[in-house]
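Please look at the sequence and the 3D structure below. The paragraphs after them go through the fold step by step.

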Amino acid sequence: MNTRIYCLNENQEENREYLEEAAAVLREGGLVAFPTETVYGLGGNGLNPEASRKIYEAKGRPSDNPLILHIAHRRELDSLVSRIPEEAELLMKKFWPGPMTLIFEKSDLVPRETTGGLSTVAIRMPSHPGARALIEAAGLPIAAPSANLSGRPSPTTARHVAEDLDGRIDMILDGGPVEIGLESTIIDVSGSVPMILRPGYISQEQIRDLLGACEWDPAILKKPGEDFRPKAPGMKYRHYAPKAEMVIVEGEWERAAKEICRLVSEQKKLGRKVGILCGEETRKWYTEGLVKTIGTRQREETIAHNLYYCLREFDEADVDVIYSESFGEGALGAAVMNRLLKAAGYRVIKV
Ligand code: TXA
Ligand code: MG
């Protein structure tokens, strides 16, 4: 398949032609990758079971892993869900459009192929103007997982989408690098107390401030086991992973850096190509290996923004093993560590 790639302008009026073409592809059951403020999404008609099947196939994703439906206006929600709890209304008022996905009881309109067989459905209203214009042009709820091959880090640029999906989908809309760089916060509002299933840019504190109570799926920062499964089906897969083996070294900065240097020397002696993921503050301590600075610890948004980008760069450089510092501080710490732990397959050395 020939994948058409179009660059979007800031001015949505100038994008009209591309957006109309993309909307037609979606209405005919095809697939279009598009930018959102979190990561790039791989869109298909969320009400068409055949389009959902195509999404799973293009990504190589297990079909029991449900998709998020993207809408552009609050009124589009009503026909997709069977009940809208009070907490959901408050959350939507405050955080939509934006990086927040809510899980509702689904209506009959939403096919089980889209929800991985579940009776609930995930819905998000993105704030990215290009994403919103595309949803409006298509006149459909767009089912969109992150636009990466299953198991690869989520794409934060159109080039990353093309690396994974060129030739497998109809179109890529290039809106430049995304703003946030981590996937949306997922909150299940279908139960009695709202529960975070995936941490993201909107933090638990922000949700607590608004609602008073908000639980946290214990699988978010711990390795899931047989009797301990994450509530978002997608969170059980080794996800967000670079090709190289990855290990997180956790502890006081200087001690952690010393341990990483020791491990790097050890691996180099074995003839292995080694990557190091570090903060700006500790960069000076590394003299060997391929060192990537994720950003300063003073700005957690930068760290979140650069994480997937750095992991893909290590892939491009073909490293065999990556040692990463730990980045758990601040309101975004849980979201960053959740992705980092998965990328590392939960391998952590504490020093
Ligand atoms: O920021 C985002 O959310 C991006 C952009 C493109 O919107 N999308 C995204 O989709 O990250 P995806 O498919 O890569 O991740 C969706 C996650 C998966 O872990 C999936 O299992 C979970 O949401 N999920 C979807 N529907 C669900 C449901 N009904 N119940 C529980 N978890 C659900
Ligand atoms: Mg994903």
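In what order do the strands of the open sheet lie? The model, which is a predicted one, has an open sheet of 11 strands in the order E1-E8-E2-E3-E7-E4-E6-E5-E9-E10-E11, and the pairing is mixed. Strand E1 (4-7) and strand E11 (215-216) are the edge strands, each pairing on one side only. E1 runs parallel to strand E8 (residues 171-174), and four bridges join the two. Isoleucine 5, for example, has isoleucine 172 in E8 as its bridge partner. Helix H2 (residues 49-59) packs on this sheet, where it touches strand E3 (41-45) and strand E7 (142-143). The direction of H2 makes about 155° with that of E3.

Helix H3 (residues 86-95) has two sides to compare. Its buried residues are Ala88, Leu91, Met92 and Phe95. Seen down the axis of H3, these fall within an arc of 100°, so they line one face of the helix. The face turned away from the buried side carries the exposed residues Glu86, Lys93 and Lys94. Among the elements that cover the buried residues of H3 are strand E5 (100-105), strand E9 (185-188) and helix H6 (204-211).

In soluble globular proteins, nonpolar side chains tend to be buried together. Here the largest nonpolar core has 42 residues, of which Leu42, Leu91, Trp96, Leu102, Phe104 and Ile123 touch the most other members. The elements giving two or more residues to this core are H2, H3, E5, strand E6 (120-124), helix H5 (158-165) and H6. Leaving aside neighbours within four places in sequence, leucine 91 is in contact with residues including Trp96, Leu102, Ile187 and Ile207. A second, separate core of 35 residues includes Met235, Met246, Leu332 and Ala335.

Charged side chains also pair up, and the whole structure holds 23 salt bridges. In one of them, arginine 124 meets glutamate 37 at 3.0 Å, N to O. Arginine 124 lies in strand E6 and glutamate 37 in the loop between strand E2 (32-34) and E3, so the pair ties together parts 87 residues apart in sequence. Are these two residues buried or exposed? Arginine 124 counts as buried because its relative accessibility is 2%, and glutamate 37 counts as buried at 3%.

Another salt bridge joins lysine 292 to glutamate 313, with the closest N and O atoms 3.4 Å apart. Since lysine 292 lies in strand E14 (residues 290-295) and glutamate 313 in helix H8 (residues 300-316), this pair ties together parts 21 residues apart in sequence.

Conventions: Residues are numbered from 1 along each chain as its sequence is written. Chains are lettered from A and ligands numbered from 1 in the order in which they are written. This is a predicted model: local features need pLDDT of at least 70, side-chain atom pairs count only at pLDDT 80 or more; totals for chains, interfaces and linings use all residues. Side-chain values use heavy atoms; hydrogens and water are left out. Two strands pair if DSSP finds at least two bridges between them. Contact means heavy atoms within 4.5 Å. Axes are lines fitted to C-alpha atoms, for helices over the stretch in contact, and angles run from 0 to 180 degrees between N-to-C directions. Buried means under 20% relative accessible area, exposed over 50%, partly exposed in between (1.4 Å probe, protein chains only). The arc is that of the directions from the helix axis to the C-beta atoms. A nonpolar core is a set of buried Ala, Val, Leu, Ile, Met, Phe, Trp, Tyr and Cys residues joined through side-chain atoms within 4.5 Å. A salt bridge is a side-chain nitrogen of Lys or Arg within 4 Å of a carboxyl oxygen of Asp or Glu.
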